[in-house]
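Let's take a walk through this structure together, one stop at a time. Have a look at it first, and then read on.

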Amino acid sequence: MRVLVAGGGIAGTVTAMAAKLAGHDPVVFEAYPAGGDDVGAFLTIMHNGMDALRAIGADRPVIDASFAAYGVELVAPNGETLGRREFDTDGVDSPRTLTRATLYRVLQDEAARRGVPLERGKRLVSAKPGPDGLTAEFADGTTETGDVLVGADGLRSVVRRLIDPAADEPRYTGLTVVYGYTRAPDLPSAPGIYRMVRGTKAAFGFTTDPNGATFWFARIPDPERSREEIAAVTPAGWREFAHAAFAGEPLPCAEIIAATGDEVFGGHSYDVPETRVWSTREMVLTGDAAHAASPAAAQGASMAMEDGVILAQCLRDLPDSKAAFAAYEELRRERVEKLVKSSAGGDVGEKPGWLYSHHIDWDAKIR
């Protein structure tokens, strides 16, 4: 099959690499001409995400560009440490932390190395089935024809609307999330762990990379604002907004935020609790386009990676796209909807083995 992939982020590049490995002919279309403007944003790929990358032999470039996290430490509003939970690595690599921009670059470079073309500046606007397959139409007036279209185009997915014009809009979680990155010296250190701080107004987490830089995030209750208003906030504005949520508290949060320069980024948090229709005969959804979750479980990237690999297995092993998409949805829907529901509640349980222990055997046949 010629597999058209709308979206050159995590879901899109992993799906394309897996589809290539499965014997298909993928091409990725990325809406943006270059990387995004989310300077300072970072993420953690959990055990299950690393397992999905390992299934298609794409884990090493990510490991080389990231650093390990071995556990989580919980801190009360008064500064008291409440406890620590070690990640059960079960003999595999620990979760890995890296900037979102770095992860995009690493995955796109690896996809290119494998011969997967990526075309930039191709914003999908429509797609129509025809006698020669499905034709995707882009904002620049160009078209591409393929056998199937994978919607890996994120929270505001165009493909989701093409599949089901009545699909629900993403739901605002009530939180604004601010990410920051600073190389300032002499800050409180959390090497190898995530120190999770519960303030009186908001939640904060930080970790320290092997070179001493601090990666931090804040989850702050906030009324919903328009997309235009959010887009207009400057790095200084995000820094001030986050600082105000922790000012005057006996915690390191305000100190870390104040030591951050312009490498800070923020935005509202949304989720997609349920997508009623995942596919047609020619189109299917992966990643946030199908099941965006709030960031509480740190699973957005990992679930997208799982999606891409399993979708490719289904396309490899089943006789046509209709059967493949049906099997993919059956394998994925219950798991991802459980994750979205759990994450909306603030966590995924004390011992989330159902999340982390998920394993994909690339050689196993989908039936």
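**Salt bridges, a sheet and a loop**

We start at E169, which is exposed, with a relative accessible area of 52% (exposed means over 50%, buried under 20% and partly exposed in between, using a 1.4 Å probe and protein chains only). Before going further, note that this is a predicted model, where local features need pLDDT of at least 70, side-chain atom pairs count only at pLDDT 80 or more, and totals for chains, interfaces and linings use all residues. Residues are numbered from 1 along each chain as its sequence is written, and side-chain values use heavy atoms, with hydrogens and water left out.

E169 meets R161 in a salt bridge, at 2.4 Å from N to O (a side-chain nitrogen of Lys or Arg within 4 Å of a carboxyl oxygen of Asp or Glu). R161 itself is partly exposed, at 30%. Another salt bridge links D168 and R276, with the closest N and O atoms 3.1 Å apart. D168 sits in the loop between α5 (158–163) and β13, and R276 in the loop between β17 and β18, so this pair ties together parts that are 108 residues apart in sequence. (Helices, H or I of at least four residues, and strands, E of at least two, are DSSP runs numbered from the N terminus.) Across the whole structure, a search turns up 22 salt bridges.

Now for the sheet. It is open, with seven strands in the order β6-β5-β14-β15-β16-β13-β17 and mixed pairing (two strands pair if DSSP finds at least two bridges between them). At the edges stand β6 (81–86) and β17, each with a single partner strand, so one side of each has no neighbour in the sheet. Strand β13 (residues 171–182) runs antiparallel to β17, and seven bridges join them; Y172, for one, has Y270 as its bridge partner in β17.

Our last stop is T275, in the loop between β17 (264–271) and β18 (283–285). T275 is buried, with a relative accessible area of 4%. Leaving aside residues up to four places away in sequence, T275 touches R160, L285, A289, A290 and R333 (contact means heavy atoms within 4.5 Å). The side chain of T275 also reaches the backbone oxygen of A290 at 2.7 Å.

Key:
A polar contact is a pair of N or O atoms within 3.5 Å; within protein, one must be able to donate a hydrogen and the other to accept it, and residues adjacent in sequence count only if both atoms are side-chain atoms.
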